[in-house]
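Trainee: I've got a new model open and I'd like to learn how to read it. Could you walk me through it?

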Amino acid sequence: MRRFHLIAFLLCLSVAAVAQTPRLTLKEAERLVPRELRKPVKSFIPGSRPAAHDTLDTSNPAVKLVLCTDGTWHYSRDLSALADSAVFRKCWKTGEINPYRTRMQDLPWRVTLILADSASRYCCPRQVKVFSPFGHRRHRDHTGVDLPLPTGTPVYAAFDGRVRCSMYNRGYGNVVVIRHASGLETTYAHLSERKVQPGDYVSAGDVIGLGGSTGRSTGPHLHFETRYEGYAFDPQWLIDFQTGTLRHGYFVLKRKNLSPMSKYYPESEEEEEEIYKTEEEERAEAERIAKEMAAAKYHTIQSGDTLLGLAAKYHTTVAAICKLNGITPSTTLRIGKKLRVR
Ligand SMILES: [Zn+2]
């Protein structure tokens, strides 16, 4: 009986692969395809899966059907089938943490990263409250999140992928960089020990090293980064580290996220709408902001200046100046401080 189900199932799978699907516009496709992937993905608990008993091919050479000893089955992605694909060849350097030389203006406005689906799991690299967030700092930008952990604690691969770097670096200490099929790279730094070698294929939940405090570090913690084409973005866009949950099975990464100024903010209705903006809308918005920045005018406060006086001088209103600078009409104007007036 079980065998019959399996055959019927495999048949469906190959039929689905051959069937012609009508062409969708980009917007329609985006609305449809990721719908199921919008659900949060719970972290895989390492060691919780029963042993594999048999592995069967599917119509997709990179996807296998794994039968387990307890009678259950699941899909598994075989990334070695993608060894020759562009994603594992482009800028593939094993001794350089960031080998990309991509110019920001050559990146797409947005790219949909499939993080976990029915054939690939997700595992939180370390479930704990973020100790130090990603982003702009007074002296130096922080390109990842810091997650405290005792030395020797296992650190898990977040997604299926291929190890690009496993090396020692003065800043990062013992560091592992994994490239994933979506082009995303994840970095695990300050490890006391590395458990993988460049070229290794790893599954989400595999132990890639042990926590430590090597390199430029003041105490045991995991410095975890997410990068695309070498540009870091806030890992909290993807993962809620406190609960260990992946926010969605996919993430629409926008060019504007690839900046130390773009920190994660909790989701809102607006963000959901934002995801469905077309590329033209996105470009128009970027152009509007650039134009606005170019037209911006600043005034250095001198003795005797008042908001009312500045509003009159620059043909604007007190309310407009307040809004531009995040101040109120009663804010004291300090001499020498710059105010944006337009
Ligand atoms: Zn850090």
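Mentor: Start with pLDDT, the predictor's confidence in each residue, from 0 to 100. You'll also want contacts: two residues are in contact if their C-beta atoms, placed from the backbone, lie within 7 Å. This is a predicted model, where local features need pLDDT of at least 70, side-chain atom pairs count only at pLDDT 80 or more, and totals for chains, interfaces and linings use all residues. Residues are numbered from 1 along each chain as its sequence is written.

Trainee: Over which residues does pLDDT stay under 50?

Mentor: That's residues 7-22, for which the model has five contacts beyond four places in sequence. Where pLDDT is low, the predicted coordinates should not be read in detail. For the protein chain, the mean pLDDT is 85, and 85% of the residues reach 70 or more.

Trainee: How many helices and strands does the protein chain have?

Mentor: Helices (H or I, at least four residues) and strands (E, at least two) are DSSP runs, numbered from the N terminus. Here you get six helices and 19 strands. As for contacts between residues at least 6 apart in sequence, 65% join residues at least 24 apart.

Trainee: Which strands form the open sheet, and in what order?

Mentor: The general idea: strands of a sheet pair through backbone hydrogen bonds, either parallel or antiparallel. The working rule is that two strands pair if DSSP finds at least two bridges between them. In this case the order is β6-β12-β10, with antiparallel pairing. β6 and β10 (193-194) are the edge strands, each pairing on one side only. Three bridges join β6 to β12 (residues 207-210): P154 has L210 as its bridge partner, while Y156 has V207. Two bridges join β10 to β12, and R194 stands opposite G209.

Trainee: Which residues touch the most other members of the largest nonpolar core?

Mentor: In soluble globular proteins, nonpolar side chains tend to be buried together. A residue is buried if 20 or more other C-beta atoms lie within 10 Å of its own, exposed if 12 or fewer, and partly exposed in between, with C-beta atoms placed from the backbone. A nonpolar core is a set of buried Ala, Val, Leu, Ile, Met, Phe, Trp, Tyr and Cys residues joined through C-beta atoms within 7 Å. The largest one here has 45 residues, and Y122, A157, V176 and Y188 touch the most other members. Strands that each supply at least two residues include β7 (161-169) and β8 (173-179). Beyond four places in sequence, Y188 has contacts that include P125, V155, I208 and F224.
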